[in-house]
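Please have the model open while you read this note. Work through the points in order and find each residue as it comes up.

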Amino acid sequence: MNSFRALRRTIQGPAQAHKRAVTFGITTATRPSSSHITTHLPNSPQSPSNQNIEAKKTMDYQDWTKERLLERVKELEAQLKTQSQPPQQPTPVLQPPAAATPTITTEEGEPPKKKQKKKPTGIDPSRYSTRLIALKLSYLGKNYGGFEHSGYSNVPSIEEELWKALVKGCLITPADPSKIDFAPFEYSKCGRTDRGVSAFGQVISIRVRSNRPPSKPEQPAEEDVVMEGTPEQNNTPQLPGKKQQRKPQKEWEDIVDEINYPKVLNRLLPPDIKILAWAPTLPEGFSARFSCYERQYRYFFTNPSMAPTLLAPGEKSGWLDIAAMKKAAKYFEGLHDFRNFCKVDGGKQITSFQRRIFECDIEEVEGQDLGGVNFWGGEKKGKVYYFHVRGSAFLWHQIRHMVAIVFNVGQGLERPEVVRELLDVERNGRKPGYIMAEEVPLVLWDCVFPKRPEIVTGEGERKVLSRGEDERAFMHDPDFKGEIKFEDDGVDWVWLGEDQPGNLMGSNGLVDQLWEYWHERKMDELLSGLLLQQVATRADLTRKLGKEETAPKKNGKENLQRVYKGGNMTRSSGVYVPVMKKELMPTPVEINHKWAQSKGFKDSEDMANTKNWRSVIKANKAADKAAAAGGEKSV
């Protein structure tokens with residue numbers, strides 16, 4: 001065996017030596033000169049690994065779209081895969097010299113040029129004009145993380161979908177399409193609906209591309225010379241060489257000649273987000289947020305609110321007392337402090353919680369029922385209602401807190417006067433810890449932009465506010481007891497279909513698109529309703545073949561009360577604790593102080609007295625990041 005190994009070394013030795021020589025020759029011939037070689041030490045700041053680390057630290061992913069984030073994850077995974085693989089040594093491949101191939105030349109003696117693929121390029125924004133428009137849109141918010149874009153949500157926002165459609169339709173041309181930044185486009189929004197909340201009348205304003213020719217400096221009218229023998233010369237009685245005026249251009253028509261913005265965007269948006277109308281001309285100084293005088297919300301619910309099942313002793317049913325709910329809703333009207341009907345965010349540092357409610361009531365939805373579900377029998381019929389509220393502005397989660405209390409009144413768990421008690425912040429300055437209503441049935445129904453607000457004083461005098469007055473002062477005037485009406489819309493909306501009826505009612509029009517979306521869900525409702533009706537009516541409950549069940553108990557007490565919280569949500573609360581006896585939450589002042597102290601201030605007053613305190617917080621945060629990065633480098 002030893003003699004065999006020695007023999008193999010004797011044979012392979014010269015071959016290996018020859019291979020090493022060839023490899024050395026090839027690498028030496030292809031190696032660049034020492035003057036062009038750049039050496040990176042492993043821990044050098046110029047090394048590629050450290051450059052990647054610095055890039056990751058400075059890169060901000062918060063405003064990126066979900067698609068761009070996924071692309072970035074794939075890029076990083078590819079980098080990790082490449083870095084984890086050991087470097088491969090090049091193996092020399094000796095090939096015979098290639099045979100001479102004939103060169104194809106053109107008649108001029110030059111080789112033909114290869115055809116280059118055209119790279120897709122976007123439009124040149126300098127070649128187009130822009131205009132500020134308003135869009136009225138609707139969306140079903142169940143599958144979205146709210147209207148406003150946030151980099152921390154795990155589901156897309158309405159603004160993210162709008163951004164992608166605007167960019168893809170070349171209506172806006174951002175420097176970085178993957179980063180959501182509406183600031184350069186004079187963007188404003190009327191309402192910031194929360195996660196799961198829908199809207200049928202949301203309004204935004206934004207500067208977009210226009211078909212209108214860009215304006216050019218006025219020049220003296222040019223005269224064309226009609227050349228002899230041309231069609232123009234043959235069709236005119238003028239002599240050859242005679243000058244004639246150029247024909248005037250067609251006058252621009254604002255609707256016919258302009259881009260159909262709703263039609264373009266609706267092709268690119270998801271089926272549950274649609275543009276309903278657009279406004280070509282806006283009042284001077286228009287802002288979708290600050291020019292809005294009234295926001296209308298509706299919260300939909302059914303009666304009965306829960307399945308009419310067998311009740312435990314003392315348990316309230318799911319049938320709601322609509323009259324009591326109407327009485328409770330009317331207490332909200334007027335100017336009140338709603339600190340007990342909202343969620344306080346210390347980051348916003350809100351100190352005033354007064355809001356004026358123009359109208360609040362419970363209304364029946366005409367033509368809607370429970371889809372044939374009526375297994376309880378009797379004279380009571382299931383109906384659909386909505387909690388209707390009109391106001392100038394609302395606090396965070398305000399309407400969902402209002403609805404939760406009204407539902408408790410409807411179930412008979414609270415008196416209607418509990419609303420009046422919670423609005424009395426002098427006696428009840430701390431909010432009880434009750435649960436707000438579910439978000440899905442809430443809809444931003446409409447946003448109103450009146451030409452001139454009209455008020456009716458307590459004496460019955462009609463007064464139209466002039467532009468010189470403080471138009472919003474009456475909304476916060478506690479002595480104002482009159483009626484507020486916004487009848488004339490100050491925005492001239494062009495609704496989809498008014499330009500061309502086929503865009504609304506034609507094949508693949510907006511109604512056709514929404515019909516498909518609705519019909520799919522209507523079949524789900526129909527089948528689930530028939531299943532519920534069949535299951536509830538098949539059994540004969542009078543037979544009582546089994547042992548009688550005892551009433552459910554909690555903490556040794558019989559009464560497992562279910563409390564309706566809107567939508568599909570019911571909560572088993574055991575023995576119901578009245579709202580005014582629940583645990584009290586911190587006051588808004590305490591919440592603001594705590595948040596300010598977490599940012600390095602003494603309290604909220606100290607922070608309020610600090611000029612540009614938000615910029616100070618951002619600067620401190622950036623300094624902390626830089627200090628942390630410096631500590632990592634030193635390690």
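The points below go from the whole chain to single residues.

1. Start with the overall picture. This is a predicted model. The chain has 635 residues, and buried residues make up 35% of them. Its secondary structure comes to 14 helices and 19 strands.

2. Next, the surface and the contacts. The accessible surface of the chain is about 41500 Å². Carbon and sulfur atoms account for 52% of that area. Among contacts with a separation of 6 or more, 71% join residues 24 or more positions apart.

3. Now look inside. The largest nonpolar core holds 88 residues. Phe-301, Phe-332, Phe-341, Phe-387 and Val-389 touch the most other members. Helix α8 (residues 398-410) gives this core its largest share, 8 residues.

4. Beyond its neighbours within four places in sequence, Phe-341 is in contact with residues including Phe-332, His-401, Met-402 and Ile-405. Val-419, Leu-422, Leu-423 and Tyr-434 are also among its contacts.

5. Is Gln-411 buried or exposed? Gln-411 is buried, because its relative accessible area is 4% and buried means under 20%. Gln-411 sits in the loop between α8 and α9 (418-423). Leaving out residues up to four places away in sequence, Gln-411 touches Met-306, Lys-316, Ser-317 and Leu-320, and also Gln-561, Arg-562, Val-563 and Tyr-564.

6. Finish on the outside. Met-523, Leu-526, Leu-527 and Leu-530 form a nonpolar surface patch. Together they have about 370 Å² of accessible area. Leu-526 belongs to helix α11 (residues 510-538). Leu-526 counts as partly exposed because its relative accessibility is 39%, between the cut-offs of 20% and 50%.

Methods. Residues numbered from 1 in each chain as written. Predicted model: local features only at pLDDT ≥ 70, side-chain atom pairs only at ≥ 80, totals over all residues. Heavy atoms only, no water. Patch = residues over 30% accessible without salt bridge, like charges linked within 9 Å, V, L, I, M, F, W, Y side chains within 5 Å. Areas by Shrake-Rupley, 256 points an atom, 1.4 Å probe, with all protein chains shown as cover. Salt bridge = Lys/Arg side-chain N within 4 Å of Asp/Glu carboxyl O. Helix = DSSP H or I, 4+ residues; strand = E, 2+ residues; numbered from the N terminus. Buried < 20%, exposed > 50% of the residue type's maximum accessible area, 1.4 Å probe, protein only. Core = buried A, V, L, I, M, F, W, Y, C linked by side-chain atoms within 4.5 Å. Contact = heavy atoms within 4.5 Å.
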